[in-house]
Every structure is written in C-alpha cells, then in structure tokens.
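Here are a few notes to read alongside the structure. They are meant for someone opening it for the first time.

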Amino acid sequence: MLKRMKPVQMIISGFLSIIFIGSILLALPISHSHYVNLSYIDALFTSVSAVCVTGLVVVDTSVTFNVFGKIVIALLIQIGGLGVACMSVSLALFFGRRIGIYQRQLIKESWNMNSYEGLVVLVKMVLKITFVIEGVGALLSLVVFIQDYPLIEALGISIFHAIASFNNAGFDIIGSSSLIQYQHHIYLNMVTAIMIILGGIGFMVMLDVYRKKDFRHLSLQSKAVISTTTVLIFGGMMLLKCSENISWLGAFFQSVTARTAGFATYNLGDFSNAGLLIMMILMFIGASSGSTGGGLKTNTIFVIACEIKSTILHTHCTAFKREINEMLIQHAFVLLGISFSVVLLCTYFVSLFNPEFSLSQILFESVSAFSTTGLSTGITSMLSRGSKIVLMITMFTGRVGAWSILTIGGRKELSEVHYSQEDIMIG
C-alpha cells in the first residue's frame, strides 16, 4: 500500500503522521508541568511548529511542558529538521535493513537531488554532520548556561538549544523572552549564530566545502548559497542597525536569526515598521535548499536576481561563468509567485479572524509562519482558533514546500500542443 504512493505523497503523509503523533503526546498530562491544562489545539500547534522547525508558540514552552514534554519537542524538531525521508532511511540503516529503490526515491525527492548516486552515503554523512555540530554546539553552550542553572538543567538546556539552533527552529526552554537576557553575551550570540548559519546553508554545501575547500572549485550551487547568504547577513545587519536602536552584535544576530531560525535578542514588538520590513524580507528569502530551514530559499532568489540582471543587460543568464538553465529560471519565478500567494492568503484569513491586530503584525506573523522562522511581534498566543489553524497550514506548506503540495497528484508531461503566438503589453 505504502509503496503505491508517490514519493512526494509519502513525504507529506510522513510529516502529517509525525505531527499527529507529536500532538497526542504533547496533549497528554504526562508532558505537562503541574497544574497545566493544555488544549488539544495548542498541543497540535506546538507539534506543527516543532516538526516544521518554526518556533512560533502559543504557550510558554519552558513552563508549560515538563522534561518529558521538552524531550518530545526536541525529537520533533530533530525529525522535522532532517526530514521524514532521511529519518526513515536512518532507522533502516540502524536496524541493518537493505535500502531499496523506493527509499532512495524518497531521499532524492526530499532533497531535490538529480541522481540516485551515493544517496545512502550522503544520508550517513548528513547524520554525522548533524550530531557532530549539535554535540559541539551543546558543549559550547553549556559553558554559558552552567553559570545560570544547575548542571543537569544546564545540560538539558544546552542540548535543546543546540538542536533548535542547528535545525533553525526558534524554540527555547529558558523562558518566553527567548535570548533577550543574553543580548549582550558575545560568546553565546556567536555560537548560536554559527550553528544557525551551518544549518541554513545546507548539507550539500557543507560537504562541497569540506571536500574542495577552495571557493573557486565549488559547485555553482555552493557559490550561489555562500555568496547570497553573506550578502543577506551583512546587508541585513547594516539595514537593521540603521533602522533600530540596537547594538552591532544585536543587528548581526537578528539578521542571522531572521533567516528562518527564530531566536530573538530584542523585543520585536518594539521595532519600527522599517525594521520589521527588513526582518520580513530576510524571513521570506529564508535559508538554502537542502538545509534545515525554510523560506523561498537563497538559491531561488539568486537565480531570480541573475535573470533580472541578464534581462536588463540583454545577456544570457549566467553566474560565476556558468549559464543557468531556462527551466530553473521558470521554476524560480513560479516559486516566487506561489510563495507570495501563500503569505497573502494567510495574511487575509488571519486579518479576518483577528481584526484587532494591525496589518504589519499579521503580515509579520504570516511571513514568519511560511518561512518557518518563528519570530513574532508577540501576538501568537492571543490569536483565535481560526488564525491558529491558518498558521498551522501555512507552516506546513512552508516546511514541505508549496511546490510539493501542488504536485502531490504527480507531475504531468509537458503537452505537445502548440498555439499561435500573440503579444500582450507588459509594464
């Protein structure tokens, strides 16, 4: 029965199953702190946010859930970050089972790979990279948290923080203020930012850099991701510093975390409209393809920028002495249109269900949900049931990919029927 499903259908079904199981576990009293009464809709929202590595929360994670509940959330984040396909293949490898063609198709579809070659080796490398970075990140974070918490609690916070950071999920278990209490702590800010960046650039890029080391020898994919990420981080930092009364460290960290991570060292509710606009642009673009993050993706915006430049200069669409495929360009613009549509629809329905909030607050929430960022101006917990459902659908769409959802019935072959051409006015 399962193998009759197309890979994209299996991936979507897998995510939905994990979300449902997670919501049941989080709704049980065994996951709650004493005297906490959590509704199922809030448990479901938390599960969706965790599996979709978002970080939007309707309840304070630190006080609502006990140790078991926090472990469940950490596992949901880990599964969501690596992806259902990767986790299923990992379990098969752990139990010594043979990896068949169907499992390889799942990985290929999940990571948008062009070939089946080396997929099992790639999964093993991804697992090693994940656990090494999260392990080192947890140890480095422990140096800070052990100063403020008892050893066992500090260790738990450090592990949770490392998982949330690398998987670009904005959950934290130190309080509803996120990392505001550490806004001037250079060491923790830099450790967290590095984990976010590594998780956001993608596994393929990390492997490519590890193997080739020299930027000139990297693939076009890696060059596009690294160059675009660098421009967005430092460009965003400069603009945020100009827009808000924050430190250079704060501007840098918020520029990094806006790229789908979701941690905050400042209260975003106090940001100006200009600052919120910059944050929304960074969130909308998001991380890179094949990474733990969401958004339109740096690869997509890179291709769009190259095509705009080539159109203005009347040249072929090229980058780093390589020509970009015409189908990729079309795909990029389609994704841009779909992404805008999803955000606008989410904004419309949340505005309908919660008219008491301003358009900028709701738009920020919608972009955050679609890009699986998790940043908020502080309205998430006050949203109505209808708005929560809309945000859950938007988070799921952002994590699985709008393109995957649209093609769930299967991709049709390009029609051979052609019609006569006729021009229309543009602009």
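1. Start with the second largest pocket: helix α5 gives the largest share of its lining, seven residues. Bear in mind as you look that this is a predicted model.

2. The space in that second largest pocket comes to about 810 Å³. Its lining takes in 33 residues, and V84, M87, S88, V89 and L91 are the ones nearest the centre. Besides α5 (84-94), the elements that put two or more residues into the lining are α1, α4 (67-82), α6 (101-110), α7 (119-145) and α8 (151-166). By type, the lining residues split into 22 nonpolar, seven polar and four charged.

3. Next, have a look at the surface. F20, I21, I24, L25, L28, I30, Y40 and F68 make up a nonpolar patch there, and together they have about 700 Å² of accessible area. Helix α1 (residues 7-27) supplies the largest share of the patch, four residues. L25 sits in helix α1 and is partly exposed, at 30% relative accessible area.

4. Most residues other than glycine have a negative phi. H314 is not a glycine, yet its phi is positive, about 55°. You'll find H314 in the loop between α14 (298-313) and β1 (318-319), and its relative accessible area of 72% makes it exposed.

5. T372, also not a glycine, has a positive phi of about 50°. Its loop runs between α16 (359-370) and α17 (385-400). Is T372 buried or exposed? T372 is buried, because its relative accessibility is 0% and the cut-off for buried is under 20%.

How values were computed: Residues are numbered from 1 along each chain as its sequence is written. This is a predicted model: local features need pLDDT of at least 70, side-chain atom pairs count only at pLDDT 80 or more; totals for chains, interfaces and linings use all residues. Side-chain values use heavy atoms; hydrogens and water are left out. Patches are made of residues with over 30% relative accessible area and no salt bridge: like charges are joined within 9 Å, nonpolar side chains (Val, Leu, Ile, Met, Phe, Trp, Tyr) within 5 Å. Accessible areas come from the Shrake-Rupley method with a 1.4 Å probe; for residues, only the protein chains shown count as cover. A salt bridge is a side-chain nitrogen of Lys or Arg within 4 Å of a carboxyl oxygen of Asp or Glu. Buried means under 20% relative accessible area, exposed over 50%, partly exposed in between (1.4 Å probe, protein chains only). On a 1 Å grid over the protein atoms alone, a cavity is a set of points where a 1.4 Å probe fits but cannot get out, and a pocket is an open set with protein on both sides within 12 Å along at least five of seven lines; lining residues have an atom within 4 Å of a point. Grid points are joined across faces, edges and corners, and a volume is the space filled by probe spheres set on the points. Ala, Val, Leu, Ile, Met, Phe, Trp, Tyr, Cys and Pro count as nonpolar, Asp, Glu, Lys and Arg as charged, and the others, Gly among them, as polar.
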